[in-house]
Amino acid sequence: MGHVLGMSSDSLSYFRHPITGYPLTPRPFTLSTVTCVTGEEKPFMGKPSATVMGEHIDKGTGQRYYEVTTPTVKRIVQNHFNCSTATGARLENQPTGGDCFGSHFDERLFFTDIMGAVFSPAVNVLSPLVLAYLEDSGWYRANYQSRYVHIGSFGHGAGCAFLEENCIDSNGNVPEAMEGNFCNTLSVNGGGYNSGPQQCDPSHMSKAYCDYVDTNSLL
């Protein structure tokens, strides 16, 4: 339903100012060369303007990503993470079909969001961020006080470090800003590994084992 309403990278070029109704990406659309999250360069008609979408390189991983930079979305992200320097909501940066920019919110930052890259009915919530995205499209008026809207627990109030730093540091430890949201216990049964005790999962909805896996050990 979220994709049908407009949560899609194909819709970003059609965002309009919520008051004036003017297109946020200039018309007529022009053809340009864009670099997708996969690193592939390809021609694209009507790349969303900088007031709608920004392009960045993750300083920790060196991976390219795009983010939605509209005013309400940016304010919601700043409030959620308690980070006044946040510039927008990061979109998924994993290759998914032919999507160049990403049509979900990045799972690394928005694990409990219903429009995150991985759907999990046990933990996902309809968040203010989804409503902000739809409202900033210029096509909807959002009701943030609806009983169906909930603030996700993942990364809530964790500060700018949660957005900017790696979830596991170079020593294999969980940084302070990530505590309670990430873990570093190997979860492979057998081979000398132990999944460790159950703990509260990041959604605070159930008990879980750490799902951290050292893939190098499986080769």
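Predicted model: local features only at pLDDT ≥ 70, side-chain atom pairs only at ≥ 80, totals over all residues.
A search of the whole structure finds 2 disulfides. One is formed by C36 and C100. Their sulfur atoms lie 2.1 Å apart. The torsion about this S-S bond is about -100°, so the disulfide is left-handed. The pair links distant parts of the chain. C36 sits in the loop between strand 1 (31-35) and strand 2 (41-45). C100 sits in the loop between strand 5 (89-90) and helix 3 (128-136). The two cysteines are 64 residues apart.

The torsion about the S-S bond is 105° here, and the link of C83 and C160 is right-handed. C83 lies in the loop between helix 2 (71-81) and strand 5. C160 belongs to helix 4 (residues 160-164). The pair therefore ties together parts that are 77 residues apart in sequence. C83 is buried, with a relative accessible area of 2%. C160 is partly exposed, with a relative accessible area of 23%.

For C167, the closest cysteine sulfur is in C183. The distance between these sulfur atoms is 9.5 Å, too far for a bond. C167 counts as partly exposed, at 23% relative accessibility. For C200, the closest cysteine sulfur is also in C183. That sulfur is 12 Å from the sulfur of C200, again too far for a bond.

The serine is S8. It is found in the loop between helix 1 (2-5) and strand 1. Its relative accessibility is 16%, so S8 counts as buried. Leaving aside neighbours within four places in sequence, S8 is in contact with S103 and Y133.

In summary, the C36 and C100 disulfide is left-handed, whereas the C83 and C160 link is right-handed.

Conventions: Residues numbered from 1 in each chain as written. Heavy atoms only, no water. Disulfide = S-S within 2.5 Å. Helix = DSSP H or I, 4+ residues; strand = E, 2+ residues; numbered from the N terminus. Buried < 20%, exposed > 50% of the residue type's maximum accessible area, 1.4 Å probe, protein only. Contact = heavy atoms within 4.5 Å.
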